[in-house]
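I opened this entry to keep track of what I looked up, going from the whole chain down to single residues.

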Amino acid sequence: MNGIASEPQSLDAADYDPIQHLNLLFSHPSTVSSISRVSSTLQSQHNDLSAEISSLQTAQAYGPDSSLERMQSAQAELAGLFKKIETVRSRAIQTEQNITSMTADIKRLDGTKRNLTLSMTALKRLQMLTTAYEQLRGLAKTRQYRECASLLQAVLQLMRHFNSYRSIDQIATLSRGVGELQRELLEQVCEDFEMAFAKGEVGARKATLVEACGVMDALGDTARARLVTWYVNTELREYRQVFRGNDEAGSLDNIGRRYAWFKRMVKGYEEEHANIFPPHWRVGETLAMAFCDGTKDDYKGILEKSMRRIDGPKIDVNLLLSCLQETMDFEQTLERRFSNEPRASIDTLSSADERTHSFNGSISVAFEPYLSLWVESQDRALAAMIPKYKAQPLLPADEEFSSQAVISSAIELFHFYKLTLSQCAKLSTSERLLDLAKTLAKYLDEYAQQVLLAILQRPGQNGASLQDIILVLNTADFWHANTGQLEENIKKRIDHDLVPRVDLSSQADAFLGVASAAVLALVNKVEADCEGAWREMKNTNWSKMESVGDQSSYVGELVSHVNAKAAEILAVVAKQQYARAFADKLVEHLATAYIHTIVQCRPISEVGAEQMLLDKYVLTKALENLLSHHNPSSSSQPPPASFVKRVNTTMTRIDPLLKTLQVRPSPPEGLVQAYLIHVGDRSDTNFRKILDLKGIRKQDHSHLMELFSIHREGPGAGAKLVAQSPLLTPLMNGPGLGSVGAGVGSSNLNVGLMSIDRLAAGPGAALSTAAAARFDPASLGEKLLNAARDGVERIGTPATHEEQGAGGAAQNNAAGINENLKNFGKFFRRDIGGLGVRFGKRDGSADDAAGR
């Protein structure tokens, strides 16, 4: 270790590092030669340490205070401790044995005392039982029932203490004796009741019978039920003999005699027998329920026999209803009679703890399977009412027309529905009420079609009068609101599981369709007044007009007619939503009529087109004030913004046509560009229509068509153009289609009605395809009425039941018209609903501020 610069760590250091130590020992290559010397030194030190450890181990193991000695000493101490514990345990056992032997006599004395007490108690109870038993036998023989009742309760209570001792012969004998005595008392009491009633000695022996009831109470529920059953059978024996053994007395014609007999019997019970039985037995109620059960079974047999009868008349509906009503009144009388009594435990024949039944339906349930006959009678009654309503005047002769008046037949039908529904709900809330709901729905459809729509279809040059149309509109609105209320009323009354099957929404839509048809009929009234103005417009030479002046003369006449007729109509339209609907439809029809009249005015020069555009602007401004004629007495207000917007939107669809017609054909590129900008479609046919309207010569068409083909395929226009313009496509496609108010023939029954759904896309949608396949909004009202009129004429007056077998095709047509009316109503709801107007409120009211 020579030459080491620093001292290494001690070998017993806690953080000794052998690598560091070796690096210190051999820090230079020259020190490698000292490896053997270092190794010898380490080996010597290792040997010294091993010797020192061995000496220390020996001293630790065999020294005077060594660990081995301490361990041996600890083991000896533990052995002594265990010996002491065992000694304590043995002493505890010995002490317990000594205490047990000392207290054994005390325990024996306690057990003896307890057994002696139980024996004395049992002997005392046995003595009491034996004494009471003997006394009870003596009292039973002398029929001293008051004492028997209290003593019997004591005997039965004492006997329960000896139930566990029945293995003892004497106790078993005594138990059998008590049981035999109970049976003897039961038979004796029943015999006393039978003898008293048989000999008519109830009054004389009432006190004994009252005391005997106390004995039956003590005997228990079974004994009490037997006595009550006997009494009920005794009282009802005469009833069963009279009404079951005699067909005449038991028939439905004599149903009142049954209830009169029961009332007399109950009166006799209350005067003579009610005081015999304890109140908590509720004998009167049991008697009434037994009467109801028997009567119900009688009615079931009578009704089944009547329905199976082959020869002779079956059940008369009026008699059935009369019997049912009388039965329900009788049930209500019983319910009121017994509902005021306390509902404590009543012991009927089934010994129910609580009363869970009522008298409502206890007898009338027998009639329910036959209520379908009553529903059928209501069907026949309604079938007879519809033709009568169709023929009678809309208002009674002594009633004047008003803007809110409703057709009198609607009020009469409403009251009939209300009464019928109330009556059926009292009779049944199950399938029969659902059947009635279906019948009512059926004749709501019939009323909408056969009565209301027929009024709008009246023949004549002017059709239905304004007052008739208003009455139809008000009546349709009345039934639209009350149909929803009728549905809710039925749902409240019918059984819960049948509620989802009640739906009158289609009938409500049908009445809304009739209301819409009435609005269109009002629009047709205005259109008829405007024919002169349109004729003047067609007679004007629009191709020779030299300059644009003020409005044309026909515009003033048209505006005058529209305002005058609209004021007359709106003065009698009561509700705001229908006034708004009328105004909207009138604007749409006038706009369509204007377009068709433009077609009939061809050829049209550029100046003529400009004049027409000016006339359109004047007409638009005049139409914006249409709603001012509704409620004119109110303070002057600007027209609703939504209506003004709708008028401008509807009338603006004319602008592309007129602006295109304003462009001169020379240069031809200008006309083509104007068409592509304003009309904006790729149709050669529609472009030719513009050329025809402008009166351009046929020989010039080819050049213009060639330019049109080039420009429409250009990079700037091709992507923006549509295939067919909804404005021009329906125009000039056949003879007569350019006229205003074109109707439909009877060969196409449903074309007007089936086109309703196509209008849902907006006013322009009606002009999007060929007129043969699309619907003309200008003639919607006329088409609707003509189509419906044709269908009704085919159907004719509703047939009688004998004639209905041959009317299947007519019924199918009627169903088609009804379905179209419902679709029309749904469209009308959507169309007007977009204006903020709400239909179908349960109270029948409407939002008068709609659209404002």
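My notes below take the chain overall, then two residues.

Entry 1, the chain. I am working with a predicted model. I looked up the secondary structure and found 28 helices and zero strands. I then checked burial: 45% of the 852 residues in the chain are buried.

I located histidine 630 in the loop that runs between α20 (606–623) and α21 (641–652). Is histidine 630 buried or exposed? I count histidine 630 as buried because its relative accessibility is 7%, and the cut-off for buried is under 20%. Setting aside neighbours within four places in sequence, I listed the contacts of histidine 630 as Leu570, Val573, Ala574, Lys575, Gln576 and Ala579. With glutamine 576 there is a polar contact, side chain to side chain, at 3.3 Å.

I placed arginine 258 in helix α9, which covers residues 255–273. Its relative accessibility is 0%, so I put arginine 258 down as buried. Which side chain does the side chain of arginine 258 meet in a polar contact? I found that of aspartate 298, at 3.0 Å. I also checked tyrosine 239: it lies 19 residues from arginine 258 in sequence, and the C-alpha to C-alpha distance between the two is 8.0 Å.

Conventions: Residues are numbered from 1 along each chain as its sequence is written. This is a predicted model: local features need pLDDT of at least 70, side-chain atom pairs count only at pLDDT 80 or more; totals for chains, interfaces and linings use all residues. Side-chain values use heavy atoms; hydrogens and water are left out. Helices (H or I, at least four residues) and strands (E, at least two) are DSSP runs, numbered from the N terminus. Buried means under 20% relative accessible area, exposed over 50%, partly exposed in between (1.4 Å probe, protein chains only). A polar contact is a pair of N or O atoms within 3.5 Å; within protein, one must be able to donate a hydrogen and the other to accept it, and residues adjacent in sequence count only if both atoms are side-chain atoms. Contact means heavy atoms within 4.5 Å.
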